[in-house]
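Hi,

Here is the structure I promised to pass on. My notes on the helices and the sheet follow below it.

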Amino acid sequence: MTTHLALLRGINVSGHNMMKMDALKTMLENIGFQNVRTYLQSGNVFIDSEEDASKVGFMIKQEIFKVFGHEVPVVVISKDDLESCFSNNPFLKEKDADIKKLYVAFVSTALKKENINDLKISQFKPDEASIDENRIFIKYAVGAGKTRFDQKYIEKKLNVTATIRNWNTVTNLLNMYSE
């Protein structure tokens with residue numbers, strides 16, 4: 001049995017794709033997932049399953065559409081993915097790093113370091129980004145709500161599914177893996 005973390009994109013945001021976490025939890029238990037736990041209302045769900053990550057993501061996406069009628073992209077990550085955020089985030093190594101400005105975009109497929117060129121991040125200065133496999137580390141100069149360098153832009157430029165979490169959430173999700 002493996003513990004997976006499913007990151008659901010775009011639920012309970014600005015009145016769109018609304019679903020209660022209790023209903024989501026029950027739905028996931030009804031399709032066979034065990035030890036289902038949620039964090040916040042924004043779609044962070046831990047589940048235990050014998051299935052691999054891609055099958056878990058497919059099952060969740062399919063069942064959400066069937067039960068709630070929402071088309072919700074899902075990125076499934078492991079504890080190792082979260083641990084890599086801490087060891088590989090270049091912005092954490094900066095002196096006086098402001099974690100309130102740090103975010104991680106989790107993407108559906110592994111990227112190469114060269115893909116950073118495809119993002120054309122220089123047009124979003126002073127925002128910064130760095131690619132590490134299936135993660136894009138982001139440092140927003142002003143804030144996530146005041147930039148065009150967002151999940152939609154990342155998905156369009158790299159042809160991937162992406163979902164972004166702030167550093168506080170990433171930290172708390174890693175702590176939850178140990179519970």
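Helix α3 (residues 79–88) and helix α6 (residues 167–177) pack at about 135 degrees, with axes 10 Å apart; axes are lines fitted to C-alpha atoms, for helices over the stretch in contact, and angles run from 0 to 180 degrees between N-to-C directions. Helices (H or I, at least four residues) and strands (E, at least two) are DSSP runs, numbered from the N terminus. Contact (heavy atoms within 4.5 Å) involves residues including Leu82 and Phe86 of α3 and Trp167 and Leu174 of α6.

This is a predicted model, where local features need pLDDT of at least 70, side-chain atom pairs count only at 80 or more, and totals for chains, interfaces and linings use all residues. Residues are numbered from 1 along each chain as its sequence is written, and side-chain values use heavy atoms, leaving out hydrogens and water.

Now the sheet: four strands form an open, antiparallel sheet in the order β6-β7-β5-β8, where pairing takes at least two DSSP bridges between two strands. The edge strands, β6 (128–132) and β8 (162–166), each pair on one side only. Between β6 and β7 (residues 135–139) there are five bridges, and Glu128 has Lys139 of β7 as its bridge partner. Helix α3 packs on this sheet, touching β5, β6 and β7, while α6 lies across β5 and β8, at about 90 degrees to β8.

Best wishes
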